[in-house]
Amino acid sequence: MVRQVSCATKRQVNEESQTPFSSATARSLTAQRYATAVPARFELRGELGSGSAGAVHKARLLTPYGELETGQEVAIKFLRADPMEAATDPQEALARFRSEGEIGRKLRHANLAAIHGIETVTVGGTDISFLVMQYVAGT
């Protein structure tokens, strides 16, 4: 169990061990879990951004993916497992994420990133769902 500790650095403490760890450490552990979900097909290059429901990582294709060639850069949007566990209906949260992907795959517009795929893999007994999307470099 993890509880929030009120201090200037906003660290968290694992109640079993009373060992503090930073939010950067928690993000690193989450990124490792994501990398474990996609090791043979994608090389994660770093987090582009995150929000309450997910995180987006830049990745390079290690194998062809649909119409995309090996070596191309993509963005991978991961659905966080923790909101799924806290949601009233985790299946509904997953259904909304999948719906976002299905609708996004049908839309094509210059101002929208293309969605190439929707996947769910199981890592250590936990389902990890993600969208494979067009990577658009920022300025």
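User: What does E43 count as at 31% relative accessibility?

Analyst: A residue is called buried under 20% relative accessible area, exposed over 50%, and partly exposed in between, with a 1.4 Å probe and only the protein chains considered. E43 has 31% relative accessibility, so it counts as partly exposed. Please keep in mind that this is a predicted model, in which local features need pLDDT of at least 70 and side-chain atom pairs count only at pLDDT 80 or more, while totals for chains, interfaces and linings use all residues. Residues are numbered from 1 along each chain as its sequence is written, and side-chain values use heavy atoms, with hydrogens and water left out.

User: With which residue does E43 form a salt bridge?

Analyst: A salt bridge requires a side-chain nitrogen of Lys or Arg within 4 Å of a carboxyl oxygen of Asp or Glu. The partner of E43 is R45, and their closest N and O atoms are 3.6 Å apart. R45 has a relative accessible area of 43% and is therefore partly exposed. In the whole structure, a search finds six salt bridges.

User: What separates R96 and E92 within helix α3?

Analyst: The two residues are about one helical turn apart, because they stand four residues from each other in helix α3. R96 and E92 form a salt bridge, with 3.9 Å between the closest N and O atoms. R96 is exposed because its relative accessible area is 52%, whereas E92, at 43% relative accessibility, counts as partly exposed.

User: How many helices and strands does the protein chain have?

Analyst: There are three helices and eight strands. Along the sequence, these follow the pattern β-β-β-α-β-β-β-α-α-β-β.

User: In what order do the strands of the open sheet lie?

Analyst: Two strands are said to pair if DSSP finds at least two bridges between them. Here, five strands form an open sheet in the order β4-β5-β6-β8-β7, with antiparallel pairing. β4 and β7 are the edge strands, each pairing on one side only. From one strand to the next, the twist averages 30 degrees. Such angles run from 0 to 180 degrees between N-to-C directions, and the axes are lines fitted to C-alpha atoms, for helices over the stretch in contact.

User: Over how many bridges do β4 and β5 pair?

Analyst: β4 (residues 42–50) and β5 (residues 54–61) pair over seven bridges, in the antiparallel sense. One example is G49, whose bridge partner in β5 is V56. Three residues form the hairpin that joins β4 to β5. β5 also pairs with β6 (residues 73–79), again antiparallel and over seven bridges; there, K58 has A75 as its bridge partner.

User: Which residue of β8 is the bridge partner of I118?

Analyst: The partner is L131. β7 and β8 (residues 126–134) pair in the antiparallel sense over eight bridges. Helix α3 packs on the sheet, touching β6, β7 and β8, and its direction makes about 150 degrees with that of β7. Touching rests on contact, which means heavy atoms within 4.5 Å.

User: Which residues make the nonpolar surface patch?

Analyst: Patch residues have over 30% relative accessible area and no salt bridge; like charges are joined within 9 Å, and nonpolar side chains (Val, Leu, Ile, Met, Phe, Trp, Tyr) within 5 Å. In this model, I103, L107 and L112 make a patch of about 270 Å². L107 lies in the loop between α3 (90–106) and β7 (115–123). Its relative accessibility is 43%, so L107 counts as partly exposed.

Methods. Areas by Shrake-Rupley, 256 points an atom, 1.4 Å probe, with all protein chains shown as cover.
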